[in-house]
Amino acid sequence: MAKILVVGGSLGGLFVANILLRQGHDVTLLEKATGSLDGRGAGIVTHDALAQALRAAGVSVDHTLGVPVTQRVTLGSDGQSLGEMELPQILTSWSRLYHMLKEAFPVERYLQGKTVKTVMQDANAVEVHCEDGSQYKAELLIASDGIRSGVRAQVAPDIQPEYAGYIAWRGVCDEACLSQYTLETLFNRFGFCLPNGEQMLGYPVAGSGNDTRPGKRRYNFVWYRPASEQEELVSLLTDDDGHYYPTGIPPLKVSWKHIAHMRKVARDILAPQYAEILEKTASPFLQAIYDVRSEQIVFGRIALMGDAAFVGRPHVGMGVTKAGDEAIVIAKQIETLGVTPEALQAYSAERLKLGQQVVARAQYLGRYMQSQGSKGTRDADNLKRNAGTVMAETAIDISDLLAQGKAVPESAH
């Protein structure tokens, strides 16, 4: 039985580890964190391909996956609707998917506290040495260890995350806290708000304990705001004791002063429904937005997937679905070509250009957001046009567009 190592125990790693294990391979997963990984309740837009990947990983998909919405709405700064659009989707959370995938994988094969120190390979095998002194050997290594991938740092050190020029404030607010006005005009929809050069969006997700009953749910939001790399970003990533976290500030360390300022700006420029949600969210956190674009994702017996290979800004709403698709392709090629470097090359041939397209589309959506309204007046017609475009393009299923090579509209080139 062929040995396969998976580095990274988040969603991408769990997808590929589960699928390969079900194919009969000897799979070991190495995760550097200890204890349970927590997605801070971050919301995830599901697509048909995501459900397929979950089933391939041995997870049963039913109505408990998430919260259904049927409609999108864009709110003006006065709280009135600027436009609506029918688009049925199921919204789930990172934590929900993580627990489903983790329960499907044997606990003795999921090894924690394993920080990769070095990776070596020869004609027959690949070997991983961890910082705790442990070593692992296998025929193939699949690296799904995130935007700051330790494996990618070894095989492709020149591929670095590039800051996009803006950050996202994120969080979830309990449905039970919100006014009747916000519940009626926003809560059950995938909502948007478009201040100058910024974008707020949100949608309902399951509440504590994955409760999807009305009254028990939460509203997940993402507010994109520009922040200069040298000054504002450094300040935002510094806690109240002066500690700077260049690769991302822990949610509970975000300065109360920044949170207070963010809420004040929300009252000034966002629809009152969103201002209320931000006011009543206990622990908003922030995420700097980056691009990661790889020119190569396979190196002999080592393959990169998920955020280790490509990171598209969250506007695409495809990150987890993309990782699931990649896991399916890796497993398909291994089934066809064996546990060999040739199987990984076939995966690269199928997925490299698609990953690059996802990043390009995310950059296009980000540029579109940033260019809106920062210059000149915000007339009503213009706002309605923008609302229509944003609702039609953000976090939709783009699998057909990818297949046609049209992830970025012709007019944007």
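Welcome: helix α1 passes helix α3 in a left-handed crossing, a term used when the near helix is turned anticlockwise from the far one by less than a right angle, with right-handed for clockwise. This is a predicted model, in which local features need pLDDT of at least 70, side-chain atom pairs count only at pLDDT 80 or more, and totals for chains, interfaces and linings use all residues. Residues are numbered from 1 along each chain as its sequence is written, and side-chain values use heavy atoms, with hydrogens and water left out.

**Helix pairs**

- The axes of α1 (residues 11–22) and α3 (residues 94–104) come within 10 Å and cross at roughly 25°; axes are lines fitted to C-alpha atoms, for helices over the stretch in contact, and angles run from 0 to 180 degrees between N-to-C directions.
- α1 and α3 are therefore roughly parallel (under 35 degrees; over 145 is roughly antiparallel, 65 to 115 roughly perpendicular and the rest oblique).
- Their contact (heavy atoms within 4.5 Å) involves residues including Leu 11, Leu 14 and Phe 15 of α1 and Trp 94, Leu 97 and Tyr 98 of α3.
- Helices α9 (residues 319–337) and α10 (residues 341–371) have axes that come within 8 Å and cross at roughly 160°, which means that α9 is roughly antiparallel to α10.
- The crossing of α9 and α10 is right-handed.
- Among the residues that meet there are Val 329, Ile 330 and Ile 334 in α9, and Ala 343, Ala 346 and Tyr 347 in α10.
- Helices here are DSSP runs of H or I with at least four residues, strands are runs of E with at least two, and both are numbered from the N terminus.

**Aromatic rings and charges**

- There are seven aromatic pairs, where rings of Phe, Tyr and Trp (its six-membered ring) pair if their centres lie within 6.5 Å, and planes under 30 degrees apart count as stacked, over 60 as edge-to-face and the rest as tilted.
- Phe 190 and Phe 192 make a stacked pair, 5.2 Å centre to centre with 20° between the planes.
- Both Phe 190 and Phe 192 are buried (under 20% relative accessible area, with exposed over 50% and partly exposed in between, using a 1.4 Å probe and protein chains only).
- Phe 190 also has the charged end of Arg 72 over its ring, 4.2 Å from the centre; this needs NZ of Lys or CZ of Arg within 6 Å of the ring centre and within 35 degrees of the ring normal.
- Lys 102 lies over the face of Tyr 110, 4.5 Å from the ring centre.
- One aromatic cluster is formed by Phe 187, Tyr 219 and Tyr 274.

**Gly 197**

- Gly 197 is in the loop between β12 (190–193) and β13 (199–205).
- Gly 197 is buried, with a relative accessible area of 10%.
- The C-alpha atoms of Gly 197 and Gln 370 are separated by 4.3 Å, although these residues are 173 apart along the chain.
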